[in-house]
Amino acid sequence: MDSGRATPEEPQGGNVGEEAPPESYRSNSKKEELLLGYCDNFTRQFKKLYGDRKPQFLRPVNECGIEKFACTTLRPTCLPYKELYDWDGAASFVAGYITCSPLHPPDELPQQLSSPTLVLSRQEGTSFDMSGLLCSLLVGVGYDAYCVSGYAMREVTEVDQGGKTCPLLEVGEKEEEGGVGGKLSRYLVRPPRDLSSQFERRQETKASAEEERKKREIEAANAPVEEEGEVDKYHGLRVHCWVLVLSGKREVAQNFFIEATTGESYSTDSELYLGIESLWNHRNYWINMQDCARGLQNLVFDLGDATKWESFFPSVDQPLLVVPEESTATLGEEKKPDDKEDFELPPSWVLPLHISSKDFETRCPQGKKTTLYHKSRLETFSDYLTSDGLVSRLSLYSDTARRSRVETRSVYRHREDRLERRVEEGGSGLVHEEFSLGRESALRSHTHSTIHHHSRTLTFYHNARVDGLRSRELASSEMVEVFQGRPDFLHQRSTAYLKTTPSRSSGDHRG
């Protein structure tokens, strides 16, 4: 179907990072050199006290091969796009705009931490690069966000969505206030007290989870041999980076994680994440001192507790909860200053982040992105990329190998015929199309079959029509029209079509 769309004007501009890098990318200032010296001293002391711990991600090299403090790689930025002001919009943008590159080898920290400007320019980066970009955007709009370095499951590190249901297919509404990433509201009316049995509810939840697990096991058993998964020899060792958002700022009700590679949010006790080594923001770096042998179930994210989090700079973001020791200095005796306590973190060496309007509208790398889910494939396209205005296409399959297509759901924008959605069933050939208000006939939906052409159903925006027509059903021998809101109280009108036989000629007439 031809859309006849108008082509928008292409704004000028591009991402920072396409030209030669500035001096701050290619060298360190005296203050940065002093900071790297602090990192060396901190690393030596930490290795002496905790020799069994893995190295920390304190001073990775940037794209120019220069060592930089991880905190100074973040560049808090508030971009002039309304969609990026909330965490879910920013996470969705980063996940769609950047392509994730898995770490090689998967059990070691990356050799390089690129600047957010380069990540935006190339539209590609590791989970550390993507988390740094997302954290910069979140901190820039007021969130208490941190990059988290730790360990995750294989499907997370490899961005494998094959075992998950596509978000477009999930039934139910998003969690209300108080859920993951929810907002507090002091004027919210409290719902009536729930008097149902919590024990029965938990039992029902366990039963449904067990039923779903058995269903997945049956599907896995019936799947072809090549689809069977192998034992992950890197289980618990796969290095990954994601984002932590703490409660308090921006009316965030409780702590939660954001997976930068997919844009999805998870609770802080999610089983997808197996351990945390450290986390950092644009002001400080913290090392986790808690045991993660059982995952993140009982992990405490009070960064002011020095027994649980060892900070690089003392008391920068969170006040310490430990009781200070009594000073043994006598009166008149000056206390020796601590250079590290008096040290002020240098500003970020990264240039201000910039995304042109054209790139923001394009979103996906080269304007197209494909994501594989459980028995489904989701294709997303940037606006004005396709000739028919297609922006997303969700294909549903009956098998995990995605060979037998059952249904296709397409979404359109900017079409002159006002077509918004189109659903096509593979077996029956049934097609259902939905239109927005604005067509001359005020058509709302159109249902027909590509196999049986003798019947179709049309619905209309009856308030936008003079005759109040609400629906029209067409068959091979009948047409039924339904009206609403007519002054003559006409409700339904049926028209029957009679099959006529050709009359005989006079020559063939027998008396």
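What is the order of the strands in the open sheet of seven strands?

## Basis of the model

This is a predicted model, in which local features need pLDDT of at least 70, side-chain atom pairs count only at pLDDT 80 or more, and totals for chains, interfaces and linings use all residues. Residues are numbered from 1 along each chain as its sequence is written, and side-chain values use heavy atoms, with hydrogens and water left out.

## Overall composition

The protein has ten helices and 20 strands, taken as DSSP runs (helices H or I, at least four residues; strands E, at least two) and numbered from the N terminus. Of its 511 residues, 38% count as buried (under 20% relative accessible area, 1.4 Å probe, protein chains only).

The accessible surface of the protein comes to about 30,900 Å², and carbon and sulfur atoms hold 49% of that area (Shrake-Rupley method, 1.4 Å probe). Among contacts (heavy atoms within 4.5 Å) with a separation of 6 or more, 57% are between residues 24 or more positions apart.

## The seven-stranded sheet

The strands of the open sheet follow the order β6-β5-β4-β3-β7-β8-β9, with antiparallel pairing; two strands pair if DSSP finds at least two bridges between them. At the edges lie β6 (264-266) and β9 (309-311), each of which pairs on one side only. On average, neighbouring strands of this sheet are turned by 35° against each other, direction ignored.

Within the sheet, β4 (residues 239-245) and β5 (residues 256-259) run antiparallel and are joined by three bridges. The bridge partner of L244 is F257 in β5.

## Helix packing

Helix α6 (residues 127-140) packs on the sheet, where α6 touches β3 (145-152), β4, β5 and β7 (273-280). The direction of α6 makes about 10° with that of β4; axes are lines fitted to C-alpha atoms, for helices over the stretch in contact, and angles run from 0 to 180 degrees between N-to-C directions.

Key
Buried < 20%, exposed > 50% of the residue type's maximum accessible area, 1.4 Å probe, protein only.
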